[in-house]
Amino acid sequence: IPGLHVLGKPDMSVFAFTSEDMNIFAVGDGMEARGWHIDWQQKPSALHVMVTMAHEGVAGKFLADLRESADYVRANPSVASEGSAPLYGMMATVPDRVMVRDFVMNVMDDVF
């Protein structure tokens, strides 16, 4: 998919991908809106997936939705200021990682 690339050289079916061309977290928002759950990573900003044999029947749909999400973000870069993308983007830039941990723990305390 143009603009996306896999990080590293994964040996197995767990890998992360990112982009220098578009906001990867906005792509993640697009995938969430299409019903997919993808883990969001920081340092570097990336999306993380795990593929198993159970995914064989949905791989084509996943890739089609990923292409649509990437194409949409590329054509509409302002969507990076919507959804969860700004939060993850901001958290990735905080130099004191203890602040991020404390923030996440407070959110989890509120949720549970």
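This is a short chat about a few spots in a predicted model.

Biologist: Hi! What should I know about the model and its numbering before we start?
Modeller: The model is predicted, so local features need pLDDT of at least 70, side-chain atom pairs count only at pLDDT 80 or more, and totals for chains, interfaces and linings use all residues. Residues are numbered from 1 along each chain as its sequence is written, and side-chain values use heavy atoms, with hydrogens and water left out.

Biologist: Thanks! Which residues does a cis peptide bond join?
Modeller: Lys 43 and Pro 44, with omega at about 5°. Pro 44 sits in the loop between strand E3 (39-41) and strand E4 (46-50); strands are DSSP runs of at least two residues, helices (H or I) of at least four, both numbered from the N terminus.

Biologist: And what is the phi of Lys 43?
Modeller: Near 55°, which is positive in a residue other than glycine. Lys 43 is also in the E3 to E4 loop.

Biologist: Is Lys 43 buried or exposed?
Modeller: Lys 43 counts as exposed because its relative accessibility is 54%. Exposed means over 50% relative accessible area, buried under 20%, and partly exposed in between (1.4 Å probe, protein chains only).

Biologist: New topic: where is Asp 65, and is Asp 65 buried or exposed?
Modeller: Asp 65 lies in helix H2 (residues 59-75), and with a relative accessible area of 3% Asp 65 is buried.

Biologist: Which side chain makes a polar contact with Asp 65?
Modeller: That of Trp 36, at 2.7 Å. A polar contact is a pair of N or O atoms within 3.5 Å; within protein, one must be able to donate a hydrogen and the other to accept it, and residues adjacent in sequence count only if both atoms are side-chain atoms.
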